[in-house]
Amino acid sequence: MQTMIDWQPEKPYNYFPQSWLSPDKETYFFCDLHADAEAFLRSLKLSKLVSEDSSLTQIELTEKAFQGRILIGGDCFDKGPSNLQLFELLNQLRQSGLDLILLAGNHDIRVYAGLLSLDFMHDLRQAHFFVRMGRKCASFLAEIHHRYCRDEAAPKLADSLIEEALFPNEDWYRLFPQYAQYFMQRKQIEKEIKQIRRKRIDFMDACREMGLNLKQVYQAALKAKELFVDADGEFAWFFQNLELLHHSGSYLFCHAGVDDSIAVRLQESGAESLNCQFRDQMRSGQIFEMYYSPYGNIFRTKYREKDWPFSPSGAEALRQQGIYALVNGHRSHENGQQLFVREGLLNFECDTQLNANCRKKSKMKPQGEAVTIFSPSGTVFAYCSDMPAAKSFHPARLSA
């Protein structure tokens with residue numbers, strides 16, 4: 001482990017609650033794995049949750065793993081290099097019986113919506129979701145095709161029919177504003193339409209770069225849907241077990257963040273009720289309403305003007321529930337986990353760009369590893385290979 005230094009927010013924190021509560025057990029937060037199984041395995045070893053001899057195919061869990069909680073903070077999918085190996089590693093953890101919580105990230109929901117849309121191309125609210133997965137998903141489809149489809153004959157369909165099965169038609173571009181007007185601002189709708197036209201071209205360019213033609217893309221997409229979305233699929237457990245957020249002690253864990261309306265709903269009904277509503281929406285197949293609603297904000301927001309607003313009143317609603325800190329990924333940092341103050345709440349931002357492809361693009365060290373540990377003792381520890389020293393935080397120090 002690294003040398004330890006004091007972890008303080010980047011600006012003064014003015015709330016010093018006397019009733020700050022720690023999670024009920026040691027909680028290990030990993031996020032934004034983005035299909036890098038090796039980086040996740042290194043991070044598990046860094047956390048002392050698996051033995052140093054563990055491999056992707058055979059992990060040996062330590063006593064720490066069974067005593068604590070592993071919380072995956074969203075964005076397991078795409079970018080590469082190893083989507084399927086990551087899910088196999090997660091499945092080893094799941095089948096071991098330890099306390100494992102999977103939170104939804106925007107990339108996860110985009111993949112689910114994209115694959116599900118293959119059954120909903122007649123629904124003009126959702127016909128764009130396959131394209132919306134974007135070029136980052138080309139590596140995922142290439143993995144699927146390489147493992148499951150390369151020895152099978154490609155679909156004997158004309159390219160025009162495959163395009164109808166995958167991509168929105170001109171009716172979608174004409175009618176989408178009518179369906180979306182109750183969920184999105186006019187500028188957002190216009191931007192979405194422009195992006196879908198661009199993404200359609202970009203998506204297929206990326207697939208061809210991965211060696212897939214249109215027929216192979218369709219073949220891989222159908223197989224991916226069978227594996228991840230169909231009820232009895234090999235990896236269906238992932239989406240079936242996704243949660244939107246997790247509340248433990250004075251911490252609220254999610255992928256991206258919250259807004260005022262979610263803060264009030266939490267106050268009225270609690271985290272588990274929101275998770276139940278989220279799972280119902282996922283099972284219903286009506287992803288559009290959820291994706292562009294405050295529920296979607298939880299895995300999409302970057303607190304931009306176009307996002308659902310989070311104001312001092314929302315922060316106060318959270319504080320009234322004993323929530324004094326948000327823990328999330330989504331906004332990446334090249335120098336380890338960061339601690340911010342937003343509307344008087346502490347924000348632990350834990351996306352350290354673990355994914356090897358992102359690190360290469362950003363000219364970072366090639367092998368990332370990171371974990372943020374929330375201890376019942378009250379201390380929070382941040383370990384990351386991109387920091388010269390580990391960080392430790394304790395709420396009692398805020399009033400020092």
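**Entry 1: the largest pocket**

I began with the lining of the largest pocket, where α9 gives the largest share, 8 residues. The model is a predicted one, which I keep in mind throughout.

I then looked up which elements supply at least two residues each to this lining, and found α4 (106-116), α9 (186-209) and β8 (325-332) among them.

How do the lining residues divide into nonpolar, polar and charged? I got 7 nonpolar, 10 polar and 18 charged.

**Entry 2: the second largest pocket**

Next I took the second largest pocket, with a volume of about 460 Å³. I found 14 residues lining it. Lys 79, Arg 135, Lys 136, Asn 357 and Lys 361 are the ones nearest its centre.

Which element gives the largest share of this lining? It is α17, with 3 residues. I also noted that α6 (138-149), α9 and α17 (356-361) supply at least two residues each.

By class, I wrote down 5 nonpolar, 4 polar and 5 charged residues for the lining of the second largest pocket.

**Entry 3: two helices side by side**

Two packed helices are described by the angle between their axes and the distance between the axes. I looked up both for α1 (residues 37-46) and α3 (residues 83-95): the axes come within 8 Å and cross at roughly 35°.

From α1, the contact uses Ala 37, Phe 40, Leu 41 and Leu 44. From α3, it uses Gln 85, Leu 86, Leu 89, Leu 90 and Leu 93. I sorted the residues of this contact by class and got 8 nonpolar, 1 polar and no charged.

**Entry 4: the whole chain**

Last, I stepped back to the chain, which has 17 helices and 13 strands. Its radius of gyration is 21 Å, close to the 21 Å that the globule rule gives for 400 residues, so the chain is as compact as a globular protein of that length. I put its C-alpha atoms in a box along the principal axes and noted roughly 70 × 50 × 40 Å.

What percentage of the 400 residues is buried? I found 60%. I also looked at contacts between residues at least 6 apart in sequence, and 73% of these join residues at least 24 apart.

Conventions
Residues numbered from 1 in each chain as written. Predicted model: local features only at pLDDT ≥ 70, side-chain atom pairs only at ≥ 80, totals over all residues. Heavy atoms only, no water. Helix = DSSP H or I, 4+ residues; strand = E, 2+ residues; numbered from the N terminus. Nonpolar A, V, L, I, M, F, W, Y, C, P; charged D, E, K, R; others polar. 1 Å grid on protein atoms, 1.4 Å probe; cavity = no way out; pocket = protein on both sides within 12 Å on 5 of 7 lines; lining within 4 Å. Points joined across faces, edges and corners; volume = space filled by probe spheres on them. Axes fitted to C-alpha atoms, helices over the stretch in contact; angles between N-to-C directions. Contact = heavy atoms within 4.5 Å. Rg over C-alpha atoms; globule rule 2.2 N^0.38 Å. Buried < 20%, exposed > 50% of the residue type's maximum accessible area, 1.4 Å probe, protein only.
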